[in-house]
Amino acid sequence: QSRDGLKTRLLAAGFPQALLLQSGLLVQRESGEIVDRFRHRLIVPICRESGSVIAFGGRQMDPDQGGPKYLNSPETPIYSKSRTLYGLNLTKAQIRKSGFAVLVEGYFDFAQVFQSQAAPVVASCGTALTTQQALLLRRFTSNIVLSFDPDAAGEGAATRSCEMLVTEGFDVNVVVLDKGEDPDTFIRRKGPDQYRGRLRSSRPYLEYLLDQASTGVDFGHDDSRRQFLGKMLTVAARIPDAAARDQFADRIAHKARITEEVVRSEIRKAAVNRRTAVTTRELPTFGQLKQAEKALIWGLVHNTGEALEALGELDDEDLEGLATREIFEVARSLHGEPMDLLPSGLLQRLSTVSAQLVTSIAATDTSTAPPGACARALKRLRWERERAAIQREIDRLQELGATQHGHEIDNLDRKSTR
């Protein structure tokens, strides 16, 4: 119950107060007072997939104590909620072996499914799954069964998660429990065998979506059919596989009583014109990269030690203007991490587009140059950029008048030949 028990202990152990505030273990109130963030709560450690603890979640012990039911660590340099999957460190081997993962919402849903050994399970640290979490999950499986709470919020989160996973090329099923049940309460009341039975009877998301969207629609009216088709086009356009899109089109046509070719044509148009989040199949910056950038990124995943050593030879100025600057800067910040964990740690900390870029490059067969040669090539590119900038300035000054600016031009000329 103490407001600063943890603070007192950690300060006595030699931890700087600024670091404790940055970590989220302490919080500064508006009055300026610094106190423990978590008090009188059941604490759940949150780990990255390697097993390192990077954050905490705290659940109220007493519903009348005030404050939110769940209180989580804030975003920190080592913890990003959108890039973390709770429990993956415990279940990744089982997920890979089983070939699928059950995705649940919260800590206690995960705990119940995990301890009952009902299924290989993982939880999102929030509600709807993010693209970064999907990229992390893809390393272990591309088959997902969503088992979210069957309330309005859960269904909304499930819809957003499913649509994003479909866009990313996952095979997605949905399991719907009875009203008022979540995975935790269902298993406690009915046991893991019945839960596994529900998983076996889970339905492909696109079929589930069609049934949900068609409920109450009067397909005898043209306006109703057009509205239904409009909703389904948005989803269908995100399906990356053309054959799967056509199959979904046929199901839509059957439901809406529209000719299959008409629906297929409309979906193809929508797929061509869609403006959705970048996926691993659509990387507009890939072709703009220098070969040295691609090869060095490939090395970060497949030849980590040499690639990090090469990055250490680069100055900040060498990275200026590169489309891959974020990737290299984050990789350098991970120096000191275990080599085998660095690729996954890198992906967790990158933006969506950068993480997808790394994944795409790493999936190619071989690098075309060793990391050291890549670093030297990037340094040469910097020198070329600097010389080009100096020449542009010389040209500008000469246009203004070589007589007035001769001294400046001479200095720039000497600088360009160093």
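Keep in mind that the model is predicted.

Let's start with helix α5, residues 131-138. Seven of its eight residues are buried, so the rest of the structure largely encloses this helix. The buried ones are Thr 131, Gln 132, Gln 133, Ala 134, Leu 135, Leu 136 and Leu 137.

Next, the aromatics. The count comes to six aromatic pairs. Take Phe 110 and Phe 114. How are their rings arranged? The centres are 5.5 Å apart and the planes sit at 10°. Stacking requires planes under 30 degrees apart, so Phe 110 and Phe 114 are a stacked pair.

Both residues belong to helix α4, residues 107-115. They are four residues apart, about one turn of the helix. In general, an α-helix has 3.6 residues a turn, so residues three or four places apart point the same way.

Ring pairs link Phe 110 and Phe 114 with Tyr 70, Tyr 86, Tyr 107 and Phe 108.

Now, what does α4 meet in helix α7? Helix α7 covers residues 183-190. The two axes come within 7 Å and cross at roughly 35°. From α4, the contact uses Phe 108, Asp 109, Gln 112 and Val 113. From α7, it uses Pro 183, Asp 184, Ile 187 and Arg 188. By class, that contact has four nonpolar, one polar and three charged residues.

Key:
Residues are numbered from 1 along each chain as its sequence is written. This is a predicted model: local features need pLDDT of at least 70, side-chain atom pairs count only at pLDDT 80 or more; totals for chains, interfaces and linings use all residues. Side-chain values use heavy atoms; hydrogens and water are left out. Buried means under 20% relative accessible area, exposed over 50%, partly exposed in between (1.4 Å probe, protein chains only). Helices (H or I, at least four residues) and strands (E, at least two) are DSSP runs, numbered from the N terminus. Rings of Phe, Tyr and Trp (its six-membered ring) pair if their centres lie within 6.5 Å; planes under 30 degrees apart count as stacked, over 60 as edge-to-face and the rest as tilted. Axes are lines fitted to C-alpha atoms, for helices over the stretch in contact, and angles run from 0 to 180 degrees between N-to-C directions. Contact means heavy atoms within 4.5 Å. Ala, Val, Leu, Ile, Met, Phe, Trp, Tyr, Cys and Pro count as nonpolar, Asp, Glu, Lys and Arg as charged, and the others, Gly among them, as polar.
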